[in-house]
Amino acid sequence: MAEKEGIFFTHDELLALFPRLKSLESVLGKKERAVLIKMEKVLYKCLSISEIETCLRAYREAR
């Protein structure tokens, strides 16, 4: 089986990028929003809503 092309992130790497993209969601283009949706799907499979909200809150407080 051939290896898939693409870039692959760990959950920790997704969590590092997710809050920044989520905060810009209202101004993202169609393709950028598609990436954000993919990230959300992965994170929601692996983490609780509370864990994701904690991550977003920590990002907002750090700004």
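Two salt bridges are present in the structure, a salt bridge being a side-chain nitrogen of Lys or Arg within 4 Å of a carboxyl oxygen of Asp or Glu. The model is predicted, with local features requiring pLDDT of at least 70 and side-chain atom pairs counted only at pLDDT 80 or more, while totals for chains, interfaces and linings use all residues. Residues are numbered from 1 along each chain as its sequence is written, and side-chain values use heavy atoms, without hydrogens and water.

Through shared partners, Lys 22, Glu 25 and Glu 40 form one network. Glu 40 is buried at 13% relative accessibility, where buried means under 20% relative accessible area, exposed over 50% and partly exposed in between (1.4 Å probe, protein chains only). Lys 22, at 25%, and Glu 25, at 26%, are partly exposed.

Helix α3 comprises 14 residues, 49–62; helices are DSSP runs (H or I, at least four residues) numbered from the N terminus. Its span from first to last C-alpha is 20 Å, close to the 20 Å expected, which is 1.5 Å times one less than the number of residues. Ile 52, Cys 55, Leu 56 and Tyr 59 of α3 are buried. Seen down the axis of α3, the buried residues fall within an arc of 95 degrees (taken from the directions from the axis to the C-beta atoms), so they line one face of the helix.

How values were computed
Helix = DSSP H or I, 4+ residues; strand = E, 2+ residues; numbered from the N terminus.
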